[in-house]
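Here's a quick tour for anyone meeting this structure for the first time. Have a look at the sequence and the model, and then we'll start where the chains meet.

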There are 2 protein chains.
Amino acid sequence: VGFGSVGRRFVELLDGPYGRALRANGVEPSVTGIATARHGCRIAAAGLPLRRCLDVVCRQGSLGEVGAGTAVASAAELIKKVPADVLLELTPLNPRSGEPAVAHVRAALRRGLHVVTANKGPVAFAQRPLMRLSRRRGVLFLFEGAVMDGTPVFNLVGRCLKAARVLGFRGVLNSTTTRILSRVEQGATPASALREAQAAGVTEADPSYDLEGFDAAVKGCALANALMGADVRPESARRTGIGAFTPAQVRAAARTGRRIRLVVRGSRGRHGVSVVVAPESLPADDLLASAGSDGVLVLETDLMGEIGIWEGRGGVDQTAYALLSDLLEIVGSRCPGQ
Amino acid sequence: VGFGSVGRRFVELLDGPYGRALRANGVEPSVTGIATARHGCRIAAAGLPLRRCLDVVCRQGSLGEVGAGTAVASAAELIKKVPADVLLELTPLNPRSGEPAVAHVRAALRRGLHVVTANKGPVAFAQRPLMRLSRRRGVLFLFEGAVMDGTPVFNLVGRCLKAARVLGFRGVLNSTTTRILSRVEQGATPASALREAQAAGVTEADPSYDLEGFDAAVKGCALANALMGADVRPESARRTGIGAFTPAQVRAAARTGRRIRLVVRGSRGRHGVSVVVAPESLPADDLLASAGSDGVLVLETDLMGEIGIWEGRGGVDQTAYALLSDLLEIVGSRCPGQ
């Protein structure tokens, strides 16, 4: 559900390395339905012809032209009817509500489908009820792509830090503001730096979601809910946008070896877990200020001290990888022979 | 086998959070044998009394005084006879040969025991034959603690990056040289900086192993062998020690916002995988130069681009955690109900 740049890239790679990886793990992948906003929704129990689907959609046609399967009216109807083991939820996010992703995930879990999403909405807005629902149905609800693309964050904790407790975290999770601040350090105006980031395709549709810290707050809440057992919502996160520093201040900081970065912090206090987003002045050799990164996160743990995870340049390939990684988790959750 | 600071800390924590973590995963841990170099070797099928073992060894007594089990003559004999599911190999390393760890691991795998080691010797000197042996015997050979203590490195790739191929890596893996260079930047002499590092207990017995890059080469070979399918040995790694930069050069670099760090690089070329260790001048905002870290590693992958993993301050607790992490991997490798 959702066949934009990430869904299309996933399908392309399914025809190559992703398909090989799944087959090496004993699974033959088949896409039995695709729901789009502007190119129709289609189900084919025997599998849709993926190359034809890509061709049709790229030339702005309708999935009805692929010559296989039957049309359905909407994503909701597709989720109800499609014969499948796993739903991939890849719709664009309304960052104020988390919809329509939350409704899609809920409907699929109710039907007993595993759900994989690259969408941060469901985990930021409804992690607890969706997790409970998935457990009741005996299926997995996975969302590695919600934060830092396919860089292991949720799976890092779930698979490699099982025994440790996450006490808090700090991170630079919004690549648009990092790219803008880096360019302003070098002398660009914020407006031209924003246009460059938009050209690179990493920005939210409404740039204020990036600049005013809303995207970072959604990611911070996703982390707090999934890694710290919190039940927080983006609207309750304390937020300060990068505009709190003027371009002159950003450049003056750079001259003294410091970097302004939009930092998200999660911590546990008397009144539960809180998420705070604000630009901070960091030494250049602070991990959070390191160059060439589209996302970095430090987890503070009880048994292992601090562990950082760092993403180089992120893009559609990295987000698509998150889907594969989660699919392999679902495959691996079955015992051999089952 | 090996009951120094890591083994003792592990046993202490087994009485607390580590024991709880194992029980939560359905396993009741029991230490059925301990082999030491100076306090004897002892087997007790019903489990050794761990607090008494710690007490006796801390006051330089012999394990014979704990009032349980029977004595055996050596570590080799213990590995042959001890009733156990898993061997923890924790002896001090001879970094020129990898022994006695390699022999211990081989003997345990031959007997069909799973092996967990915090020792980098076996994976740097004999990863391929030991891995082959473990597969033949249907047991696991795990060594998360060999590089960057308990920070997930091998398990990160094995569990979270299953489908991606590691094309190369770069890292700062020897904390002694990082600590020395950081202090020299601040004006300390190399000799006094080395004494501080020795006091912190993070150095190898022979400081030249750290300073001349041998420890880093052993870790680089461990990574190359385990993550890139290589079969390289530390003696064939190209090595340059940190002495290639004078203290004046280190300080001059710091004044211009750069850091000298001992970098390990692994790459695949025409003649297979090579490992190179050398001090490099890095910008202060390079991930490898980030402050407050005892180890950092960047993996270059085919499907996910670059992923970095960063350890804050490391110590005995972090190394002990590696053992727990590997034990949980062994526990998780059994299907529920088995």
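Between chain B and chain A there are 15 residue pairs in polar contact, both residues at pLDDT 80 or more. (A polar contact is a pair of N or O atoms within 3.5 Å; within protein, one must be able to donate a hydrogen and the other to accept it, and residues adjacent in sequence count only if both atoms are side-chain atoms.) On chain B, the side touching chain A draws at least two residues from each of helix 2 (17-24), helix 7 (154-160), strand 12 (306-311) and helix 13 (316-332). Helices (H or I, at least four residues) and strands (E, at least two) are DSSP runs, numbered from the N terminus. By class, that side of chain B has 24 nonpolar, nine polar and eight charged residues; Ala, Val, Leu, Ile, Met, Phe, Trp, Tyr, Cys and Pro count as nonpolar, Asp, Glu, Lys and Arg as charged, and the others, Gly among them, as polar.

A word on the ground rules: this is a predicted model, where local features need pLDDT of at least 70, side-chain atom pairs count only at pLDDT 80 or more, and totals for chains, interfaces and linings use all residues. Residues are numbered from 1 along each chain as its sequence is written, chains are lettered from A and ligands numbered from 1 in the order in which they are written, and side-chain values use heavy atoms, with hydrogens and water left out.

Two salt bridges also link chain B and chain A (a side-chain nitrogen of Lys or Arg within 4 Å of a carboxyl oxygen of Asp or Glu). One joins A:Asp285 to B:Arg259, at 3.1 Å from N to O.

Strand 12 of chain A (residues 306-311) also pairs with strand 12 of chain B, antiparallel, over five bridges. Pairing takes at least two DSSP bridges between the strands. Across this pairing, A:Ile307 sits opposite B:Glu311.

Now for pairings inside the chains. Chain B has an open three-strand sheet in the order 4-5-6, paired in parallel. Strand 4 (86-89) and strand 6 (141-142) of chain B are at its edges with a single partner strand each, so one side of each has no neighbour in the sheet. Chain A also has an open sheet of three strands, with order 4-5-6 and parallel pairing.

Here are some of the parallel pairings:

| Strands | Bridges |
|---|---|
| Strand 5 (residues 114-117) and strand 6, chain B | two bridges |
| Strand 4 and strand 5 (residues 114-117), chain A | four bridges |

In chain B, B:Val116 faces B:Leu142 of strand 6. In chain A, A:Val86 has A:His114 of strand 5 as its bridge partner.
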